[in-house]
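This report describes salt bridges, helix packing, a surface patch and some backbone angles in a single protein model. The sequence and the structure come first.

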Amino acid sequence: MADAAALARDYLDVGLARLQEQAAAWDEREQYHRGEQRLPYAPPGVSDEYLELREQSLANFLGLAMAAPVQRMRAEGLRDGTGQMDNDTWTNVWQPNKLDDRQAIVYTQMLVHGRGIWSVSRNPKRTDRPKVRVESSRRVWIEPNPEDPFESLFAVKTFTVDDARSRSQLWTPGGQSGALHVAYVYTDTSWFRFEQRGSVAAGGAGWEPKGSGDHGLGEVPFVPSDANVDADGVPHSAIAPLIPQQDALNTIRFNTLLAMQFSAYRQRGVSGYDPVVRDAAGNPVPKRDKNGEIVLDDNGQPVPAIRQMGRIGVDRLLVFPGSDTKMWDIPESNLANYISVYSDFLTTFFSTGQVPPQYMLSRMSNLSGDALAGAESTLQALVRDLKDAAGEAIETVNRLANRARGLQAEDYSAEVVWADAEARSFSQTIDAITKLISVGFPRRSAFEMIPGATPPKVEGWMEQAREEALDPMLEQFTRELDAPAATGGVWTPTR
């Protein structure tokens, strides 16, 4: 066990180092996804109005690009190797862990960071209902096996506990003050807990072992759900190549707002005009307040009186004294050029992210069902790839969860049933299902194609169909039993 503990300590150092290496890039991706993005460049010393426009220029298109495929991914059932719906696993694993809602977190992290993570553990309070958690790839590192990068060698999970001692900021006999940092190391058979209080020391120093044990799952209980995986088993973020394009869109919006604020209208100017009031000798006449006292500036010098200039749009005739006074104007900027460039950049952005044009409402007008399906073909291709990757992870999670609740038989041929998210009208879907049933297609399988169908719903529909089919048969049988009274006591079956 001592050797296992020493190995776990080595794993801890490696995992903490990996998490530290990815922290800066992870945080940037997360901030951009949430709309906390870099502001467009502004020269030093610009006005507050200029800086306010820079704040207004941010528009988070990355959130829309990441949400579009995730909204089309919804696991709504499990099918075992025989093709039957696995209602037992769905009822005792999926539903108790609220994964109907939380599954979207994993899919979002797949796109934003390249990896979403599930974890499985036994539930001491309900042994028949194991725990399945959604983990943060910011705090969990899964080390690939050098011999096979698609297998996990170990996992490290870290988190911080803000307990009473850290809030009091007082030294206690039990240890130093400050937040309690906790780290777990998981191998395919065991878990190890380490703790450190106060600031985390560099290089993994300062962590003290606090416990260990066997988790009993036979595999590392953290399951990665990866996207854009290369031959070395390394996932890649879908948001990273879109960040420079998001910056470019923000810059174009900033330039457009500047043009609208300062040059969207015809600018008028006057040259050769001296507004300062002067006496007969040409000296400036000082400005006086209401008490007749001369107004002084910050340097103690008299402030000259200024003639009231005409107000454009109020005074129809502007008159400026002086033989050298000239008036001129600057034509307004053509904002259509800014909008055209912005629209092209926006189209390129969504095309790169495989988001269809109807997500930009200005490009959507009277699209038919077939046209809408064609426009979504690239998005559907992306969703299918993501479903393949996420489905493999969910199947592994369910297999480990069944192992955690003591089931001996393991089904490696089980599959995830995904909700139908393709663009089509409800009437088209029902028409297709009706035609399938009319040619002998199994009713249960047809009901599973209805949008929003879940295993409990399908089971309820099947039960209702059996009851409705049985009612006419009972009614007919009752009529036949009553027939002898009307025919002299002779019962004659109708069929």
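Is glutamate 30 buried or exposed? At 15% relative accessibility, glutamate 30 counts as buried; the term means under 20% relative accessible area, while exposed means over 50% and partly exposed lies in between (1.4 Å probe, protein chains only). The model is predicted, so local features need pLDDT of at least 70 and side-chain atom pairs count only at pLDDT 80 or more, whereas totals for chains, interfaces and linings use all residues. Residues are numbered from 1 along each chain as its sequence is written, and side-chain values use heavy atoms, with hydrogens and water left out.

**Salt bridges**

The structure holds 15 salt bridges. A salt bridge is a side-chain nitrogen of Lys or Arg within 4 Å of a carboxyl oxygen of Asp or Glu. The table gives three of them, with the distance between the closest N and O atoms or from N to O.

| Residue | Partner | N and O distance |
|---|---|---|
| Glutamate 30 | Arginine 34 | 2.9 Å |
| Arginine 399 | Glutamate 219 | 2.8 Å |
| Glutamate 219 | Arginine 403 | 3.4 Å |

Glutamate 30 and arginine 34 both belong to helix H1 (residues 2-34), and because they are 4 residues apart there, about one helical turn separates them. Helices (H or I, at least four residues) and strands (E, at least two) are DSSP runs, numbered from the N terminus. While glutamate 30 is buried, arginine 34 is exposed, at 59% relative accessibility.

Arginine 399 forms a salt bridge with glutamate 219. Arginine 399 lies in helix H10 (residues 377-404) and glutamate 219 in the loop between strand E8 (208-214) and strand E9 (222-226), so this pair ties together parts that are 180 residues apart in sequence. The relative accessibility of arginine 399 is 11%, which counts as buried; that of glutamate 219 is 24%, which counts as partly exposed.

Glutamate 219 also meets arginine 403 in a salt bridge. Arginine 403 is in helix H10 as well, so the contact with the loop between E8 and E9 ties together parts that are 184 residues apart in sequence. Arginine 403 is buried, at 17% relative accessibility. A network of salt bridges links Glu219, Arg399, Arg403 and Glu410.

Which residues of helix H2 (residues 48-56) are buried? They are Tyr50, Leu53 and Arg54. Seen down the axis of H2, these residues fall within an arc of 105°, so they line one face of the helix; the arc is that of the directions from the helix axis to the C-beta atoms. The buried residues of H2 pack against helix H7 (243-262), where contact means heavy atoms within 4.5 Å.

Valine 70 is placed in helix H3 (residues 61-70) and is buried, at 10% relative accessibility. Leaving aside residues up to four places away in sequence, valine 70 touches Ala104, Tyr107, Thr108 and Leu111.

Helix H5 (residues 99-113) has 15 residues and should span 21 Å at 1.5 Å a residue; its end C-alpha atoms are 20 Å apart, which agrees. The expected span is 1.5 Å times one less than the number of residues. Among the buried residues of H5 are Gln103, Val106, Tyr107 and Leu111.

**Backbone angles**

Most residues other than glycine have a negative phi. Lysine 98, in the loop between helix H4 (87-94) and H5, has a positive phi near 55°. Lysine 98 is exposed, at 52% relative accessibility. Just after H5, glycine 114 takes a positive phi of about 85°.

Glutamine 354 has a positive phi too, near 60°. Glutamine 354 lies in the loop between helix H8 (335-352) and helix H9 (369-375) and is partly exposed, with a relative accessible area of 29%.

**Surface patch**

Val270, Met309 and Met327 make a nonpolar surface patch of about 240 Å². Patches are made of residues with over 30% relative accessible area and no salt bridge; like charges are joined within 9 Å and nonpolar side chains (Val, Leu, Ile, Met, Phe, Trp, Tyr) within 5 Å. Accessible areas come from the Shrake-Rupley method with a 1.4 Å probe, and for residues only the protein chains shown count as cover. Valine 270 lies in strand E10 (residues 267-271) and is partly exposed, with a relative accessible area of 30%.
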